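Trainee: I would like to learn how to read helix packing and charge pairs in a model. Please take me through this one.

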Amino acid sequence: MPAQEGHTPPLVSFLAGGVAGGVEALATFPMEFAKTRVQLRTQSGGSSSRNPFVVVARVFRNEGVRAMYKGCSTLVVGSIAKDGVRFLSFDAIKKAFADPDTGAMSPVRNLLAGMCTGVVASTFAVTPTERIKTALIDDARHAKRFRSSLHAVRVIYQEHGIVGMYHGYAGTTLKQAGATAFRMGTYNILKDLEQSHDIEQNTAINFANGAIAGIITTYATQPFDTIKTRSQSAKGATTMDAFRSILADDGVKGLWRGTTMRLGRTVFSGGILFTVYEQVAATLNPVLK
């Protein structure tokens, strides 16, 4: 959990994190859709338009508004699981990294706890759901084989087995370890600093802290996100194949494709995620303590 006073029960951390993740994913999905489309390859082998707004306009014009929400349900379900697991495991992992004498968390300890939390979240929730979401968005551009999220799961499992659900695991885990370290770590560092200066915590402060954490997270982890997206296309690819294809298409700068839309999403998602978490946790704490 974010560094709030008192002890938050594990069930509250899990439920509040899950609700916050679901709300955040639903609110910001169009930006996630645009970012993913920008990062994927076209049938000719190159990348699509670099301008996410052009991509959205083209999809809306050619495929309709429903196409812009392809994979949304998968992302929402995945975010509920991911953030439930992330906030729950961050609470537990923080205890292992806390100073044994004072219980305090230094900035480095916060970042390390966040990194370990990202690995846990990637393994148990993020990689499979991101694989399905990305495959659905990619498939909608060309083959249109997948009728729904469940159908995509069945097809990928039949063709590739359980390993197919973990295409892009290395890239996803690197991204999640980095993203969670920077997002959770930065948020906690900011909150600890504010509390040490007697700055009252409220919705505006929570949102601002989350947004700042989102900006830092985006620029620090964007290459991992781009590699992950290429790995998890409808056909699937190894992490190294995805990395090589990005360099072949756009050079090193291609690793930062989709930054504009991801930045827009993470600023809002960081603000929404932590604000909703704090509100839900405050509501559930008196009931479930």
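Trainee: How close do the axes of helix H3 and helix H9 come, and at what angle do they cross?

Mentor: Start with the terms. Axes are lines fitted to C-alpha atoms, for helices over the stretch in contact, and angles run from 0 to 180 degrees between N-to-C directions. Helices are DSSP runs (H or I, at least four residues; strands are E, at least two), numbered from the N terminus. Here the axes of H3 (residues 72–97) and H9 (residues 259–288) come within 13 Å and cross at roughly 60°. That makes H3 oblique to H9. The cut-offs: under 35 degrees is roughly parallel, over 145 roughly antiparallel, 65 to 115 roughly perpendicular, and the rest oblique.

The model is predicted: local features need pLDDT of at least 70 and side-chain atom pairs pLDDT 80 or more, while totals for chains, interfaces and linings use all residues. Residues are numbered from 1 along each chain as its sequence is written, and side-chain values use heavy atoms, without hydrogens and water.

Trainee: Which residues make the contact of H3 with H9?

Mentor: Contact means heavy atoms within 4.5 Å. H3 contributes Leu75, Asp83, Arg86 and Phe87; H9 contributes Arg265, Leu273, Phe274 and Tyr277. By class, five are nonpolar, none polar and three charged. The classes: Ala, Val, Leu, Ile, Met, Phe, Trp, Tyr, Cys and Pro are nonpolar, Asp, Glu, Lys and Arg charged, and the others, Gly among them, polar.

Trainee: How do the axes of H1 and H7 cross?

Mentor: The axes of H1 and helix H7 (residues 203–231) come within 9 Å and cross at roughly 75°. H1 and H7 are therefore roughly perpendicular to each other. Lys35, Thr36 and Gln39 of H1 meet Gln222, Asp225, Thr226, Thr229 and Arg230 of H7. This contact of H1 with H7 has no nonpolar, five polar and three charged residues.

Trainee: Now charge pairs. How many salt bridges does the count come to?

Mentor: Side chains of opposite charge can pair when their charged atoms come close. A salt bridge is a side-chain nitrogen of Lys or Arg within 4 Å of a carboxyl oxygen of Asp or Glu. By this rule the count is 12. One of them joins glutamate 32 and arginine 265, with the closest N and O atoms 3.1 Å apart. Glutamate 32 lies in helix H1 (residues 10–39) and arginine 265 in H9, so the pair ties together parts 233 residues apart in sequence.

Trainee: Is glutamate 32 buried or exposed?

Mentor: Buried means under 20% relative accessible area, exposed over 50%, partly exposed in between (1.4 Å probe, protein chains only). Glutamate 32, at 4% relative accessibility, counts as buried. Arginine 265, at 12%, counts as buried.

Trainee: What separates the N and O atoms of glutamate 278 and lysine 191?

Mentor: Their salt bridge has an N to O distance of 2.8 Å. Glutamate 278 sits in H9 and lysine 191 in helix H6 (residues 169–196), 87 residues apart. Glutamate 278 is buried at 9% relative accessibility, and lysine 191 is buried at 3%.

Trainee: Which residues do salt bridges with shared partners join into one network?

Mentor: Glu24, Glu32, Glu130, Lys133, Lys228 and Arg265.

Trainee: And the pair of arginine 145 and glutamate 159: how exposed is each residue?

Mentor: Their side chains meet in a salt bridge at 2.7 Å, N to O. Arginine 145 counts as partly exposed at 37% relative accessibility, and glutamate 159 as partly exposed at 46%.
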